[in-house]
Amino acid sequence: MTTPEAATQSKWLDAELKYDSGVYNKHHVVMTRGLSATVWDETGRSYIDCVAGYGVANIGHSHPDVVKAIKDQADRLIVMPQTLPNDKRAEFLTELVGVLPQGLDRVFLCNSGTEAMEAAKKFAITGTGRKRFVSFRRGFSGRSLGALAFTWEPKYREPFGDAVDNKNVDFVTYGNIEELRAAITDQTAAVIMEPVQGEGGVRPASIEFMQEARRLTKEKGALLILDEIQTGFCRTGKFFACEHSGVIPDAMTLAKAMAGGLPVGALAMTAEVADRMPAGGHGTTFGGNPLTMAAGVAAIRAMKREGMAEQAREKGAYFMEKLRAIQSPKIREVRGLGLMIGVELKEKSAPYIHALEHDEGVLSLQATPLVVRFLPPITISREQIDTVVAAFERVLGSVNPRAERQAELAQGAEDKQTE
């Protein structure tokens with residue numbers, strides 16, 4: 001087993017630590033290869049990946065159809081601005097609109113979820129003539145200055161002070177219908193809402209809350225914009241999480257899994273919303289490039305052909321059943337939707353996430369300080385799920401959070417000395 005100390009000797013890790021911006025908390029491991037739900041580091045050690053690129057690798061790492069599409073398209077044409085129509089872009093848009101909720105048949109293509117949220121903000125303003133927004137406590141909408149206005153967590157906003165203009169944003173408690181009703185007025189441009197809060201602790205909205213948000217926004221002439229950046233493309237057991245409630249929004253932000261691993265983003269919207277944006281009112285250089293579009297076509301077709309939504313529903317139910325069977329006083333709750341799963345602990349989750357990686361070869365995520373988030377590729381096998389659950393049960397029983405924290409502090413001090 002590779003130890004953190006041995007990994008720090010890697011020239012690749014040394015280079016990242018030396019030249020990276022410093023905004024990332026680097027793990028002491030160098031990943032070099034991935035296939036389906038398994039990734040390997042430079043020493044050849046394998047890991048079961050329950051991070052999936054923060055929910056990007058829904059169809060698995062290096063899906064053969066996506067790999068082939070990228071190779072074929074790279075030989076033909078890599079970049080072409082959206083002012084010049086392209087065959088692969090048209091093919092992708094046709095595939096995407098074919099799986100979107102009815103009525104969302106206009107698409108602004110970009111490169112990331114945050115860019116999609118920036119687009120949503122502008123299209124909401126031009127689409128309604130209003131400038132106020134409703135967002136949610138514990139919600140996450142991205143880290144650009146515009147998207148930060150909708151992101152609740154103060155640690156993301158506070159370093160930038162008044163540069164984050166959220167004076168036109170009202171934050172309400174996720175799931176509280178009375179607060180939502182009071183917040184939406186005839187000055188509200190849009191409600192920005194995640195069907196499942198990811199960063200906020202893996203908290204699915206109730207069907208009642210989703211449907212009431214739709215009713216209230218229609219009543220007040222505001223838009224309902226659903227953030228399906230992490231929940232979209234089969235992650236929750238439906239192609240999009242809004243399908244669980246039957247709610248059709250005015251617009252949806254999309255990204256992450258849409259192109260099988262390549263950077264991508266989109267705002268899907270109704271024609272009414274799209275047509276109110278003036279020509280040239282928004283734009284992008286790389287959005288809709290043929291290379292990403294080719295990957296997206298292959299990814300969406302693989303999702304449909306391989307029944308990824310059904311797989312996520314069945315495997316997610318199995319995963320949560322196994323997690324709930326763990327007899328540990330440290331677990332407060334297991335919750336989620338499909339293969340978007342959070343385990344809330346009664347103490348800090350970081351030591352357990354660290355132990356899963358280093359002792360068990362399982363990669364997982366944090367979602368709030370108390371929650372361990374499992375976000376594996378949908379291609380994960382039941383045998384791998386069993387391995388993950390057994391590993392999690394072991395670390396729950398063996399990790400001493402105080403000792404683990406002391407080890408982290410010692411490692412951090414060592415890193416500083418190395419720098």
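Two strands count as paired if DSSP finds at least two bridges between them. In this predicted model, strand β14 (residues 340-345) and strand β17 (residues 371-374) run antiparallel and are joined by four bridges. Within this pair, valine 343 stands opposite valine 372 of β17.

- β14 and β17 belong to an open sheet of four strands, in the order β13-β14-β17-β16, with antiparallel pairing.
- The edges are taken by β13 (331-337) and β16 (365-366); each has a single partner strand, so one side of each lacks a neighbour in the sheet.
- Helix α13 (residues 308-324) packs on the sheet and touches β13, β14 and β17.
- The direction of α13 makes about 175° with that of β13.

**Helices α5 and α12**
- Helix α5 (residues 87-99) and helix α12 (residues 290-305) have axes that come within 8 Å and cross at roughly 35°.
- The crossing of α5 past α12 is left-handed.
- On the α5 side the contact includes Phe92, Leu96 and Val99, along with the charged residues Lys88 and Arg89.
- On the α12 side, Met293, Val297 and Ile300 are among the residues met by α5.
- Sorted by class, this contact holds eight nonpolar, one polar and six charged residues.

**Proline 369**
- Proline 369 sits in the loop between β16 and β17.
- Its relative accessible area is 47%, which makes proline 369 partly exposed.
- Leaving aside residues up to four places away in sequence, proline 369 touches Glu347, Lys348 and Ser349.
- Isoleucine 229 is 140 residues from proline 369 along the chain, and their C-alpha atoms are 22 Å apart.

Notes
Residues are numbered from 1 along each chain as its sequence is written. This is a predicted model: local features need pLDDT of at least 70, side-chain atom pairs count only at pLDDT 80 or more; totals for chains, interfaces and linings use all residues. Side-chain values use heavy atoms; hydrogens and water are left out. Helices (H or I, at least four residues) and strands (E, at least two) are DSSP runs, numbered from the N terminus. Contact means heavy atoms within 4.5 Å. Axes are lines fitted to C-alpha atoms, for helices over the stretch in contact, and angles run from 0 to 180 degrees between N-to-C directions. A crossing is left-handed if the near helix is turned anticlockwise from the far one by less than a right angle, and right-handed if clockwise. Buried means under 20% relative accessible area, exposed over 50%, partly exposed in between (1.4 Å probe, protein chains only).
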